[in-house]
Amino acid sequence: MTLVRPIRQSRKLHNVRYDVRGPILVEAQRLEAEGHRILKLNIGNPAPFGFEAPEAILADMIHHLPESQGYSDSQGIYSARTAVSQFYQQQGLLDVTVEDVFIGNGVSELISMVLQAFVDDGNEILVPAPDYPLWTGAVTLAGGVPVHYLCDEDDDWNPDLADIESKITENTHAIVIINPNNPTGAVYSKATVEGLVDIARRHELVVFADEIYEKILFDGAVHHHAAKAAGSDVLCLTFSGLSKSYRVCGYRAGWVMISGPKERATDFLEGLTLIANMRMCANVPAQHAIQTALGGYQSIQELIGPGGRFYEQSILAHRLLNDIPGVSSVRPQGALYCFPRLDPEVYPIEDDEAFVIDLLRAKKLLVTHGTGFNWPTPDHFRLVTLPDVAVLEEAIGRIADYLATLR
Ligand SMILES: Cc1ncc(COP(=O)(O)O)c(C=O)c1O
């Protein structure tokens, strides 16, 4: 008997994309298998670029390994949740308790868990454009409809509040705020954060604040927690973790903190607890790193000021990109990326994914196309600014050479 029925992926995945690790990466891997060396500037993964975990984090995890063999509480170990709650208390969110914190295998897992618990079929969730595409993908997978609001490049990539208002319907249930922003590097002013949260307040939306880059800030930029603006009357879920600020994204340690009118959200929070229980717990050794990370010496400070690698690389990438004719890049105020624009008059690109694949084949350099971040037009790409300055110069030189062939 010949079996012919094809084995297909779930229809739930039909509109789900995650291009940061999508077809372009497959092509890069194919080229690598042919023996080419590819410079991969497509994901914000600090370790391959010579960034090492703070020693205290390693020591703490090693110390706790023997006692990390069993499942932990599904919400997370007590010391980690205490450390996270105390971190927010120090930020002025005095009411945060250990009960308000869920620890997860990175923010990624928590985004999926929260959206599975929150979204009903057809619910509209406001997501920024450009976005970190996991948000759009996870909303879709949860049965929701991502509705993209515009961040305005001409206004330093700040969210366009009027555009947000115009996209709210009676079916809108939440708004995602990514601040500091991936891919744009924007850090929102207090007034902007308050403006965003005020929209949520007036339309009874839940706020999902992805603040994973909260400690990667340049030139005196200040990060404002959405939860502070949300106060006691807007339900706010704040996501953060160790991946970026502590350079340990492989350890998978993140958290979500819930603030605001929790008494109105008991049903939702029961659902979130159910989902947390179903996946047993986050990996336990990395949970031990959280207390040490948040309480100890904050080595990130050495990286984000003048002379520090994150800072110098960001400045250099911004300058070199802007030196290329027809390329403009808003200066990042935080995070690990540049999101330059290719002037369509100079580079009439119709398919930016094809552009990125051609660049990869020609120059053995991997970046991510702008539409992969749900940017509506094929005229941007994202560059990760993690390589040291010599490698960045080389990488942007290759981009410049390639673009010269297109003019
Ligand atoms: C905005 C944003 N949120 C979440 C994540 C995922 O973080 P984690 O490693 O904690 O899953 C990333 C990773 O690049 C990100 O850029």
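The C-alpha centres of domain 1 and domain 2 lie 26 Å apart, in a predicted model where local features need pLDDT of at least 70, side-chain atom pairs count only at pLDDT 80 or more, and totals for chains, interfaces and linings use all residues. Domain 1 takes in 11–49 + 303–404, whereas domain 2 covers 55–297, the bounds coming from an automatic or database domain assignment. To the contact between them (heavy atoms within 4.5 Å), domain 1 gives 34 residues and domain 2 gives 35 residues. Residues are numbered from 1 along each chain as its sequence is written, and side-chain values use heavy atoms, with hydrogens and water left out.

Consider next a pair of helices, which are DSSP runs of H or I with at least four residues, numbered from the N terminus. Helix 4 (residues 106–118) packs against helix 9 (residues 266–278) at an angle of about 130°, their axes being 8 Å apart. Helix 4 is therefore oblique to helix 9, a class that holds angles not under 35 degrees (roughly parallel), not over 145 (roughly antiparallel) and not 65 to 115 (roughly perpendicular). Met113, Val114, Gln116, Ala117 and Phe118 in helix 4 meet Phe268, Gly271, Leu272, Ile275 and Ala276 in helix 9. Of the residues in this contact, eight are nonpolar, two polar and none charged, with Gly counted among the polar ones.

There is also an open sheet of three strands, in the order 11-15-14 with antiparallel pairing, where a strand is a DSSP run of E with at least two residues and pairing requires at least two bridges. Its edge strands, strand 11 (337–338) and strand 14 (368–369), each pair on one side only. Strand 14 joins strand 15 (residues 381–384) in the antiparallel sense over two bridges, and threonine 368 stands opposite arginine 382 in strand 15.

Key:
Axes are lines fitted to C-alpha atoms, for helices over the stretch in contact, and angles run from 0 to 180 degrees between N-to-C directions.
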